[in-house]
Amino acid sequence: MDRSALATLLAEQGQPAYRARQAVSAQLAGATDWQAVQTYPATLRATLDDRLPLWALTPDTRLVSRDGTIKWRLRAPDGVLVEAVLIPEGDRRTVCVSSQAGCALACRFCATGAMGPGRDLTRWEILDQAMLAAAESRAQGTRLSNVVFMGMGEPLQNIDAVLDAARDMTTPDELGLSPRRIAVSTVGWVPGIARIAADELPLRLAVSLHAADDRTRSALMPLNARYPIASLMAACRRYCDTTGRRVFIEYLLLDGVNDAPADARRLAELLRDGNFHVNLIEYNPTVGPDRASPRERRETFQRVLAKSGIVASVRRSRGVDVAAACGQLAAADTPPVSSAP
């Protein structure tokens, strides 16, 4: 919901400022429209029904994976579709939010990139994805603990809305999250890395690298022609020096493409003497010819990194059966499913 528009409308109606907090509480309680906001007078609810949606994005599908992951397809008033994913882990929940409807950067392994460019999401459309996930988490008797900007789109191409939404998520009147529980992922939009480093909000930064040589990376990620590895890694090191925080390096292992021991040694050399942590990612079927690396090759890759002093973790895929895993989000047409907050 557009908080600034709500504040203006409440002021026009002579309503007290605390009404804005009541609207947020209603969202977190699972209200789907203004008529469900019973703390508001009926006349105010009727006025808001006509002039401002309670949600900037509304679910039109909700799919639940065998592992408990939930994927929503969300619709904006102009018909734009995006997806958000809620990932369970014990009594905590992580939401993966989208920052754009589509993506212009066309990474070979990504279903969103195959969609082509779409519009930027607003601050409020991004925030509502996290609010929806927080409401679902409450309904499950758990809590939303983390937000990752790893959904549809390149967050650093929509940096103003991303930073504004992240700030909203940290305020006590909204979700009250620690900024260190919010991670922004980029495929290497170098100017945005400097913006993240300069901002007072101490967000975590993840960089999708996926190859340690320019030839391979350019074949996977066309943006590498504009910002090659040397430029990207220099920006990452400046970020580390400026903030004192580490950079998480995302590395998608593709069979026969970037998963050989020699690739691991090149990656280790690239990251030497830096403040980096590597997340090795399992490939999830999307578009194109690629296949996941066999487990033995993934384990060998991790051992080679460890021998070189590089700490690496394996990120397990979640929600693959409902196309909710890394690289699979594309707002595909699926039958409507009920029971979204």
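Predicted model: local features only at pLDDT ≥ 70, side-chain atom pairs only at ≥ 80, totals over all residues.
**Exercise 1. Over which ring does the charged end of Arg-204 sit?**

Residues are numbered from 1 along each chain as its sequence is written, and side-chain values use heavy atoms, with hydrogens and water left out.

*Solution.* Start with the criterion: a charge sits over a ring if NZ of Lys or CZ of Arg is within 6 Å of the ring centre and within 35 degrees of the ring normal. The ring you are looking for belongs to Phe-248, and the charged end of Arg-204 lies 4.6 Å from its centre.

**Exercise 2. Classify the aromatic pair of Trp-189 and Tyr-227, and then that of Tyr-251 and Phe-301.**

*Solution.* Step one is the rule: rings of Phe, Tyr and Trp (its six-membered ring) pair if their centres lie within 6.5 Å; planes under 30 degrees apart count as stacked, over 60 as edge-to-face and the rest as tilted. The structure holds 3 aromatic pairs.

Step two takes Trp-189 and Tyr-227: their ring centres are 5.7 Å apart and the planes meet at 80°, so this pair is edge-to-face. Now place the partners, remembering that helices (H or I, at least four residues) and strands (E, at least two) are DSSP runs, numbered from the N terminus. Trp-189 is in the loop between strand S6 (182-186) and helix H7 (190-198), and Tyr-227 in the loop between helix H8 (214-220) and helix H9 (229-243), so the pair ties together parts that are 38 residues apart in sequence.

Step three turns to Tyr-251 and Phe-301, which form a tilted pair with 5.1 Å from centre to centre and 35° between the planes. Since Tyr-251 lies in strand S8 (residues 247-253) and Phe-301 in helix H11 (residues 295-307), the pair ties together parts that are 50 residues apart in sequence. Tyr-251 is buried with a relative accessible area of 0%, and Phe-301 is buried with 1%.

**Exercise 3. Trace the sheet: which strands stand at the edges?**

*Solution.* Begin with the order. Counting two strands as paired if DSSP finds at least two bridges between them, 10 strands form an open sheet of mixed pairing, ordered S1-S2-S3-S4-S5-S6-S7-S8-S9-S10. The edges belong to strand S1 (58-64) and strand S10 (312-315); each has a single partner strand, so one side of each is left without a neighbour in the sheet. The twist averages 25° from one strand to the next, with axes being lines fitted to C-alpha atoms, for helices over the stretch in contact, and angles running from 0 to 180 degrees between N-to-C directions.

Next, inspect the pairings:

- S1 and S2 are antiparallel over 6 bridges, and Thr-58 stands opposite Arg-75 in S2.
- The S1 and S2 hairpin has 5 residues between its strands, and Gly-68 there takes a positive phi near 95°.
- S2 and strand S3 (residues 81-89) run antiparallel, joined by 6 bridges; Leu-74 has Val-82 in S3 as its bridge partner.
- Strand S5 (residues 143-149) and S6 run parallel, joined by 3 bridges, with Phe-149 opposite Val-184 in S6.

Strand S2 (residues 70-75) is mostly covered, with 5 of its 6 residues buried.

**Exercise 4. Which residues touch the most other members of the largest nonpolar core?**

*Solution.* A nonpolar core is a set of buried Ala, Val, Leu, Ile, Met, Phe, Trp, Tyr and Cys residues joined through side-chain atoms within 4.5 Å. The largest one has 112 residues, and Trp-34, Val-147, Met-169, Val-278 and Leu-305 touch the most other members. Helix H5 (residues 123-139) gives the most to this core, with 8 residues.

Finish with Val-147, using contact in the sense of heavy atoms within 4.5 Å. Leaving aside neighbours within four places in sequence, Val-147 is in contact with residues including Val-95, Val-97, Ala-130 and Met-169.

Note on methods: Buried < 20%, exposed > 50% of the residue type's maximum accessible area, 1.4 Å probe, protein only.
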